[in-house]
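The following note sets out a number of points for a colleague to consider alongside the structure.

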Amino acid sequence: MNLKLAIFKPLLKLGMERTGHGAALGFKLTKVSLGEVEMTLPCKPELVGNPVTGVIHGGVIVSLLDTCCGSAAITTLTRNSVTPTMDLRVDYMHPAEPGQPIYLSAKVYRNTSNVIFCRGSAWQDDKENPIAHCVATFMKIDSEGFSFANIVRRRFKRLISGAKAQESDQ
């Protein structure tokens with residue numbers, strides 16, 4: 001394992017799980033390696049799309065696959081860049097079973113000078129019987145002013161100020 005990835009893994013985990021989208025959905029990154037990411041989404045009633053059947057909303061699945069693939073893409077960067085989603089194609093195989101966690105994995109299968117290509121899958125009991133799978137492409141955009149250290153500092157300050165606000169409310 002290279003040193004950059006060793007430092008990057010906990011920072012990616014912190015940034016993805018504890019802020020914004022990740023905090024709202026409640027997913028956990030369970031594996032981060034070069035070009036590969038795995039995640040778990042626990043069962044959450046507020047993510048149900050159909051209250052009659054209890055099935056999770058399809059948009060949540062799309063969002064999770066995009067996030068998982070995007071995280072895998074980020075792990076391959078060698079320079080200061082951002083990686084917006086260019087294209088995401090999702091095939092739904094069957095609805096998720098209500099009340100069960102969802103597991104996701106994504107892997108970069110090609111990395112060019114401008115585009116990162118990923119495949120992703122979402123499943124519950126059996127990885128060979130996915131709820132959905134996807135292919136996604138991410139554009140590499142150089143960002144001269146992009147500083148990972150500055151982003152970490154800002155996120156850390158937000159986390160601290162949020163914790164202080166919660167303490168003062170109690």
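1. With a relative accessible area of 15%, Thr83 is buried. The model in which this value was computed is a predicted one. Thr83 belongs to the loop that lies between strand 5 (81-82) and strand 6 (85-92). When its neighbours within four places in sequence are left aside, Thr83 is in contact with Gly70, Ile74, Leu77, Ile116, Phe138 and Met139.

2. Val115 in relation to Thr83. Val115 is part of strand 8 (residues 115-123) and counts as buried, at 16% relative accessibility. In sequence Val115 and Thr83 are 32 residues apart, while their C-alpha atoms are 8.6 Å apart in space. The contacts of Val115, leaving aside neighbours within four places in sequence, are with Met86, Arg110, Thr137 and Phe138.

3. Overall organisation. The protein contains 4 helices and 10 strands. Along the sequence these follow the pattern α-α-β-β-β-β-α-β-β-β-β-β-β-α. Of the 170 residues in the protein, 35% are buried. Among contacts with a separation of 6 or more, 61% are accounted for by residues 24 or more positions apart.

4. Helix 3. This helix covers residues 58-74, 17 residues in total, and reaches 24 Å from its first C-alpha to its last, close to the expected 24 Å. Why is helix 3 described as largely enclosed by the rest of the structure? The reason is that 12 of its 17 residues are buried. The buried residues of helix 3 include Val60, Ile61, Leu64 and Leu65, and also Ser63, Thr67 and Gly70.

5. Ser71 as an example from that helix. Ser71 lies in helix 3 and counts as buried, at 1% relative accessibility. Apart from residues up to four places away in sequence, Ser71 touches Leu12, Met16 and Val37.

6. The nonpolar core. The largest nonpolar core has 32 residues, and those with the most contacts inside it are Met39, Leu41, Ile56, Leu64, Ile102 and Leu104. Two or more residues each are given to this core by strand 1 (28-33), strand 2 (36-41), helix 3, strand 7 (102-111), strand 8 and strand 9 (132-139). Helix 3 gives the most, with 8 residues. As general background, nonpolar side chains in soluble globular proteins tend to be buried together.

7. Ile102 within the core. Ile102 is one of the residues with the most contacts inside the largest core. Not counting residues up to four places away in sequence, Ile102 touches Met39, Thr40, Leu41, Ile56, Ile61, Ala96, Ala122, Trp123, Gln124 and Ile131.

8. Aromatic rings. How many aromatic pairs does a search of the whole structure find? The search finds 2. One of them is formed by Tyr109 and Phe117, whose ring centres are 6.1 Å apart with 50° between the planes, a tilted arrangement. Tyr109 is partly exposed at 41% relative accessibility, and Phe117 is likewise partly exposed, with a relative accessible area of 21%. The ring of Tyr109 also has the charged end of Arg119 over it, 3.7 Å from the ring centre.

9. Cysteines. A disulfide is a covalent bond between the sulfur atoms of two cysteines. The count of disulfides in this model is 0. For Cys68, the closest cysteine sulfur is that of Cys69, at 6.1 Å, which is too far for a bond; the cut-off applied is 2.5 Å. Cys68 is buried, with a relative accessible area of 0%, whereas Cys43 counts as partly exposed at 42%.

10. Met93. The loop between strand 6 and strand 7 holds Met93. Is Met93 buried or partly exposed? At 44% relative accessibility, Met93 counts as partly exposed. Met93 and Trp123 are separated by 30 residues in sequence and by 9.8 Å in space, C-alpha to C-alpha. Residues touched by Met93, not counting those up to four places away in sequence, are Pro130, Ile131, Ala132 and His133.

How values were computed:
Residues numbered from 1 in each chain as written. Predicted model: local features only at pLDDT ≥ 70, side-chain atom pairs only at ≥ 80, totals over all residues. Heavy atoms only, no water. Expected span 1.5 Å × (residues − 1). Buried < 20%, exposed > 50% of the residue type's maximum accessible area, 1.4 Å probe, protein only. Phe/Tyr/Trp six-rings, centres within 6.5 Å; stacked < 30°, edge-to-face > 60°. Lys NZ or Arg CZ within 6 Å of the ring centre and 35° of its normal. Contact = heavy atoms within 4.5 Å. Core = buried A, V, L, I, M, F, W, Y, C linked by side-chain atoms within 4.5 Å.
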